[in-house]
Amino acid sequence: LEVAKQLTDDYPTLGGKIVTAVPALRAHMSRHAAGQSPWPFPVPRPYLLTVGTVEPRKNHRVILDAWRIAREDPRMAHASLVVVGRHGWMADDIETEIARDGGRMNIVRLAHTTDDELEALYDGCHATVHASWAEGLGLPVRESIVRGIPTLMSARIPRVGLADGSYLPFDPADARGLASLITDLLLTDRVRAPSTPRASDGTGWEPVLAALVDD
């Protein structure tokens, strides 16, 4: 992973001593059956969901720019964008823009949600978008993919353990290209193919636990 590489580059003496452990997708599965989340969120469908702290690294800038472009299509008049995540550092401009234009642009901003509320948002969305410039693993990406949600993923996010075809990559600097993907997904029927691992497959955290064991 990129983090391990950066550590090795900055601290050469750590070479060969860093172990990277990636949890299996099962670790990110829902505790609820599909469609059974206890909190039906009142956002008109179709809606696009993005989850993560609002800060420069998460690149909400390109999401908002792409959303404006996508909304130029009259067929997107009733579509919504739901932005979930706490207000992070250096994000005042993005938060101000959302507060100012949210009503006109059908943008819903939620700074805090419970696990059940987030699960209901996953249940109801047409697709998710993740535009980060960098990630350790990208946990919201993995939560989306394991639920079978169409997932738009920055090409800068690591793909370790993700099957080809389980996500749609995009250039995080290309708002127009992302807008095209958003429009295509939100104007098509909602189709999902969630993962259904066997109970015998474990919790999904076994690779992480194994890496913590001192042989």
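1. A definition to start: a salt bridge here is a side-chain nitrogen of Lys or Arg within 4 Å of a carboxyl oxygen of Asp or Glu. By that criterion, glutamate 135 forms a salt bridge with lysine 58, and the closest N and O atoms are 2.6 Å apart. The two residues sit in distant parts of the chain, 77 residues apart: glutamate 135 in the loop between β4 and α5, lysine 58 in the loop between β1 and α2. Helices (H or I, at least four residues) and strands (E, at least two) are DSSP runs, numbered from the N terminus.

2. A word on the ground rules, as you will want them. This is a predicted model, where local features need pLDDT of at least 70 and side-chain atom pairs count only at pLDDT 80 or more, while totals for chains, interfaces and linings use all residues. Residues are numbered from 1 along each chain as its sequence is written, and side-chain values use heavy atoms, with hydrogens and water left out.

3. Glutamate 135 has another partner to look at: a salt bridge joins it to arginine 57, with 3.4 Å between the closest N and O atoms. This pair also links distant parts of the chain, 78 residues apart, with arginine 57 in the loop between β1 (47-51) and α2 (60-70) and glutamate 135 in the loop between β4 (127-130) and α5 (139-146).

4. Now for accessibility, where buried means under 20% relative accessible area, exposed over 50%, and partly exposed in between (1.4 Å probe, protein chains only). Glutamate 135 is buried at 14%, and lysine 58 is buried at 12%. Arginine 57, at 35%, is partly exposed.

5. Next, please look at arginine 109, which forms a salt bridge with glutamate 95; their closest N and O atoms are 2.7 Å apart. Arginine 109 lies in strand β3 (residues 107-110) and glutamate 95 in helix α3 (residues 92-105), so the pair ties together parts 14 residues apart in sequence. Glutamate 95 is buried, with a relative accessible area of 14%, whereas arginine 109 counts as partly exposed at 21%.

6. A network of them links Arg61, Asp65, Arg68, Glu97, Arg100, Asp101 and Arg104.

7. Finally, helix α2. Eight of its 11 residues are buried, so α2 is largely enclosed by the rest of the structure. Among the buried residues are His60, Leu64, Trp67 and Ile69. The buried residues of α2 pack against β1, β2 (80-84), α3, β3, β4 and α6 (175-186), contact meaning heavy atoms within 4.5 Å.
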